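Hi everyone, thanks for coming. Let me put the protein up on the screen, and then we'll walk through it together.

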Amino acid sequence: MTTYVIGDLQGCYDQLVALLDDINYRPEEDHLWFVGDIVNRGPKSLECLRFVKQACENGQADIVLGNHDFHLLAAYCGVEKYISKSDTLSPILEAEDADQLVNWLRKQPLLVSHPVFEAVMVHAGIPPQWTIEQAKGYAKELEAQLKGPDWQSYIVNHLFGSEPDSWDEALTGYERLRYIVNAFCRMRYCNAEGKLEFKTKSAPKDIGGEYQPWFVFPNRRNKDHEIFFGHWSTLGAIDAYQVHATDTGCLWGGQMTAYALENKQRFSLDCEQVCKPKQKKKKS
Ligand SMILES: [Mn+2]
């Protein structure tokens, strides 16, 4: 059995099918880890979401939620403020199985652990000051909120925002959940204490000083596990610092990645550009 960690799909269904064919994926034997951002921006988000849901329900895959997956939940809940012209979520919202897809999606985790190896998967990262055990607990706090009966009002009223930007174990309520979701699903840069910085989306060469990629800090308390993540397409294929970056920018004309976890092998599919980066600030 091989566990293949698959980078952000973002609606690139044809490329996923081609990549799985390239690596000789065997559904009955292998396992897939999807790092989140299954949907949005690309042309076939509905097909991607149906595929991943089916594979997870068959016990052949696991997924963690990414910021674009939350974006879909928000769109379903009628949050209009964050809908952008480049969103490609309508085919999902108009699908006959929209309710089932969304209700399945909201019950998916923020962190997945390998059953044997000291390895975990998250969408964006784990702040340097959290141990893996703490991170697992914080993920569960947010998962409980999303699984609960008030999930829609949570999404509409409390999910979005970049504050608080610093973690404090004494945080409570929606502020606590907001730091947790932002760390797992949006983080790229932070300082050694895990203060989040959201303005910068480019590769690390453009930044210096206090804020660094979340995984480079020597005092990082979760270095005892390999961490697989996506989200950061400008970072490229990094296998260092005990982390593995898997969003290699398929959407933007880069590659789609499958990383074979047990034998540490990286596979890449070259992709044609389906989306042009905006000049102005964009979500990714
Ligand atoms: Mn993302």
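This is a predicted model: local features need pLDDT of at least 70, side-chain atom pairs count only at pLDDT 80 or more; totals for chains, interfaces and linings use all residues.

Let's begin with empty space. Rolling a probe the size of a water molecule over the atoms shows where empty space is left. Searching the whole structure turns up one cavity of 30 Å³ or more, and the space in this largest cavity is about 60 Å³. It is lined by 10 residues, and the closest to its centre are Gln 10, Ser 233, Asp 247, Leu 251 and Trp 252. What kinds of residues make up the lining? Three are nonpolar, five polar and two charged.

Now to the metal. Which protein donors hold the manganese ion? They are Asp 37 through OD, Asn 67 through OD1, His 123 through NE2 and His 231 through ND1, at 2.1 to 2.2 Å from the ion. Along the chain, their spacing reads D-x29-N-x55-H-x107-H. Asp 37 sits in the loop between β2 (31-34) and α2 (45-57), and His 123 in the loop between β5 (119-121) and α6 (132-147), so this pair ties together parts 86 residues apart in sequence. Are these two buried or exposed? Asp 37 is buried, with a relative accessible area of 0%, and His 123 is buried, with 0% as well.

Finally, confidence. The average pLDDT is 93, and 96% of the residues score at least 70. Over residues 280-284, though, the pLDDT is below 50, and this stretch has 14 contacts in the model beyond near neighbours in sequence.

Technical notes: Residues are numbered from 1 along each chain as its sequence is written. Side-chain values use heavy atoms; hydrogens and water are left out. On a 1 Å grid over the protein atoms alone, a cavity is a set of points where a 1.4 Å probe fits but cannot get out, and a pocket is an open set with protein on both sides within 12 Å along at least five of seven lines; lining residues have an atom within 4 Å of a point. Grid points are joined across faces, edges and corners, and a volume is the space filled by probe spheres set on the points. Ala, Val, Leu, Ile, Met, Phe, Trp, Tyr, Cys and Pro count as nonpolar, Asp, Glu, Lys and Arg as charged, and the others, Gly among them, as polar. Donors are N, O and S atoms within 2.8 Å of the metal (3.2 Å for Na, K and Ca); water is not among the atoms, so sites may look incomplete. Helices (H or I, at least four residues) and strands (E, at least two) are DSSP runs, numbered from the N terminus. Buried means under 20% relative accessible area, exposed over 50%, partly exposed in between (1.4 Å probe, protein chains only). pLDDT is the predictor's confidence in each residue, from 0 to 100. Contact means heavy atoms within 4.5 Å.
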